Amino acid sequence: MQAAAVFPVAAFFDGMKKTSILLTIIFVLLVVGAVVFYTVFDPENSSVSFPKCGFYVLTGYKCPGCGTQRALHHLLHSDFIGAFKQNALAFISVPYIILLFLAHNSRRFCKKFPRTASALKSYVSTLTAVVAIFVFWIARNIWDF
């Protein structure tokens, strides 16, 4: 009997290099740790000292990442409107980041969705993401969102 049949998680790792498996496991552990941390602690009202944005402190302007910690906290408590208000880009980009991670780390995903994986790995996808970040950065400081 194959390992993938016994352990469904093993199917995800089929065909991956050992370093990719290790990095994936570390990434998953960090994500789980962040989920637990941001579920328990609220960045807006907490005794824990959350880091301040250096760009905002120096310039008074919001960077593309400002509000991401608060948005994550709202997302983990199913407050989608609150998450969107804190950082719309972070809220919208969660599915993209998950798909991007799968496209770069899962051969099974690439075999099942070859066109999607290819599109996510393309230069156009990267350029679109960079342009979206800069447009969001400028727009959020002009219209204060």
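Q: Is His74 buried, partly exposed or exposed?
A: First, a heads-up: this is a predicted model, where local features need pLDDT of at least 70, side-chain atom pairs count only at pLDDT 80 or more, and totals for chains, interfaces and linings use all residues. Residues are numbered from 1 along each chain as its sequence is written, and side-chain values use heavy atoms, with hydrogens and water left out. Buried means under 20% relative accessible area, exposed means over 50% and partly exposed lies in between (1.4 Å probe, protein chains only). His74 has a relative accessible area of 15%, so the word for His74 is buried.

Q: Which residues is His74 in contact with, leaving aside its neighbours within four places in sequence?
A: Contact means heavy atoms within 4.5 Å. His74 sits in helix α5, residues 68-76. Setting those sequence neighbours aside, its contacts are Glu44, Asp79, Gly82, Ala83 and Gln86.

Q: How many helices and strands does the protein have?
A: Helices (H or I, at least four residues) and strands (E, at least two) are DSSP runs, numbered from the N terminus. Reading from that end, the elements go α-α-α-α-α-α-α-α-α-α. The tally is ten helices and zero strands.

Q: Where is Val36, and is it buried, partly exposed or exposed?
A: Val36 belongs to helix α3, residues 18-40. Its relative accessible area is 49%, so Val36 counts as partly exposed.

Q: What percentage of the residues in the protein is buried?
A: The protein has 145 residues. Of these, the buried ones make up 22%.
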